[in-house]
Amino acid sequence: MAVYSKHPASAPPAPPIREKTGHVMLRAWCVFVLFSAFAGTAWVNAFGLPISVVITVSAGMLSAVLWVLVRPPLQWRRLPWGILAYVAWATMSVVWSAWPAATWLTLLLLYITTLQALFVGSVLSWHELVRAIGSGLKWVIGLSLAFELWVSLFVGVPVLPGFVPRTESVDPILYWSRNNLFDGGRIQGIVGNANLLGAIALVAIIVFAILIAMSPQRRGWPIAWLTLSAYMFVRAGSATAVVGAAAVLLVLATVLLMRTASKPGERTRYYVIYAALAVGGAVILWLVHDAIFTALGRTADLTGREAIWTAVLDRTGERPWIGWGFSTPWVSSEPAFDGWIIDHGESVMQAHNMWVDVSLQLGVIGLILMAGIYLTFIWRAWFFAVDRPRWDLESNRPYSAITLLPTLLATVLLVQGVAESNPLMLWGWMLVVMLAAKVKQSPLVGEGPAERRAAIERGDVVGLRQ
């Protein structure tokens, strides 16, 4: 008598469930959103500010509509309330802003970037999110190399924004590309800034390394993109990115060491040792920073940044508690910024330190809110990385490479924030909001609104906890 069973051992293998076309298109849109965040300055350099504003606003409106249509499950108690409080305080600054027009304009950018970050983090699972970030970075890295090749092979001279070849001698700070690909100089890519390109390349190295660890059987293309990102990182020649890479390696080593702890109190000993090393390293770095920056080809004052910080802090002292009003970045058409601080004959459009910038715009209250954002983000990201995934009595589940992403990218942003204000805008702010919200909404890989939706669509009950 024949006996039929639905047991997996005897049942014929079923073909994989085909992914819905709508979700494929949704993921493709998220890739475009992430690419636009990483390459935000490229839109301005290529098409000008008005068209860039139209693209940014239109993309934000479309994401809002898609969010309403998709309606991903959302845990309201796990919203990133610290981030929302910072956005609310920035909005309130309109009341006392010394530059209200600039405040309204940059608040629009803040709203759209925050919305896009929350949207992408809510509709994609952790695995989808890492792959989408990687896809966005592929476009930035690939187009940067193609752009530099085009300039060197077909134009032959530096290029100004708007694809305009240099026709007369101008300050190199104005160039979109300096035509340095074949002469060994620093390259700037489509973002038009070597320091930005270096930071983006470092983020790409981290993401592609995690993708390789996630799928060791399919590591051919990720290795190729990792190699190209490393090349762009070296050619960008950013001292800040080099320091960031060293910090990332230190944090990675610390996380891997903490994961080996198997006894109560073992991590405490590691924390004490690393705290002592951190304090000692900071003291040594301060004592020999002149030699370090000279070796990296930079001046001891971080290429004039100390003078910028002094000027900004002097103005901050006039309104220490509530600041002068939100404006990230500084708007060049605003008289208060135009001609205030001059570098290479051009008005400076940021404080080149995110903490100094926040203190100018939103005062001590803004600083407290921003410090709270990073402290809670780093705290959750750290234990997201060092703790084993656990939701029951099982305590030996393997670690996931994905859990390294938030804490390593937080390290990059913290280091970059010392010499740049970019963590407050575009891809820097998007990563902070997106990852902070994602870690809070989905504290376990495979556990969260987007993860549950994906598992339900697959009909995979087990996948709800994987």
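## A buried asparagine in a loop

N179 is buried, with a relative accessible area of 18%, and that sits under the 20% cut-off for the term. Keep in mind that this is a predicted model. N179 belongs to the loop between strand 2 (164–165) and helix 7. Its backbone is worth a look too: phi is positive at about 60 degrees, although N179 is not a glycine. For context, most residues other than glycine have a negative phi, and most peptide bonds are trans.

You'll find H352 in the loop between strand 4 (346–347) and helix 13. Is H352 buried or exposed? With a relative accessible area of 16%, H352 is buried.

Then there's the peptide bond between T328 and P329, which is cis, with omega at about 0 degrees. P329 is part of the loop between helix 12 (305–316) and strand 3 (342–343).

## The chain as a whole

Zooming out, the protein chain has 16 helices and 4 strands. It runs to 466 residues, and 47% of them are buried. Take the contacts between residues at least 6 apart in sequence: 71% of these join residues at least 24 apart.

## The largest cavity

Rolling a probe the size of a water molecule over the atoms shows where empty space is left. Here that gives 2 cavities of 30 Å³ or more. The largest cavity has a volume of about 60 Å³. Which elements give two or more residues to its lining? They are helix 7 (194–214), helix 9 (239–259) and helix 14 (405–419).

The residues around the largest cavity are N195, A199, L202, T240, A241, G244, V412, V415, Q416 and E420. Sorted by class, that lining has 5 nonpolar, 4 polar and 1 charged residues.

## The second largest cavity

The second largest cavity comes in at about 40 Å³. Its lining is made up of L109, L110, T113, F326, T328, L424, M425, L426 and W429. T328 turns up here as a lining residue, and T328 is also one partner in the cis peptide bond.

Helix 5 (100–123) and helix 15 (426–441) are the elements that give two or more residues to this lining. Helix 5 has the largest share, 3 residues. By class, the lining of the second largest cavity has 7 nonpolar, 2 polar and no charged residues.

## Helix 9

Helix 9 gives two or more residues to the lining of the largest cavity. Helix 9 has 21 residues and reaches 31 Å from its first C-alpha to its last, close to the 30 Å expected at 1.5 Å a residue. Its buried residues are A239, T240, A241, G244, A245, V248, V251, T254, V255, M258 and R259. Among them, T240, A241 and G244 also line the largest cavity.

## Helix 4

Which residues of helix 4 are buried? The set is I83, Y86, V87, W89 and A90. They cover an arc of only 160 degrees around the axis, so they lie on the same side of helix 4. An α-helix has 3.6 residues a turn, so residues three or four places apart point the same way.

As for what covers the buried residues of helix 4, the list includes helix 5, helix 13 (354–386) and helix 15. Helix 5 and helix 15 are also the ones that give two or more residues to the lining of the second largest cavity.

Note on methods:
Residues numbered from 1 in each chain as written. Predicted model: local features only at pLDDT ≥ 70, side-chain atom pairs only at ≥ 80, totals over all residues. Heavy atoms only, no water. 1 Å grid on protein atoms, 1.4 Å probe; cavity = no way out; pocket = protein on both sides within 12 Å on 5 of 7 lines; lining within 4 Å. Points joined across faces, edges and corners; volume = space filled by probe spheres on them. Nonpolar A, V, L, I, M, F, W, Y, C, P; charged D, E, K, R; others polar. Expected span 1.5 Å × (residues − 1). Buried < 20%, exposed > 50% of the residue type's maximum accessible area, 1.4 Å probe, protein only. Arc of directions from axis to C-beta. Contact = heavy atoms within 4.5 Å.
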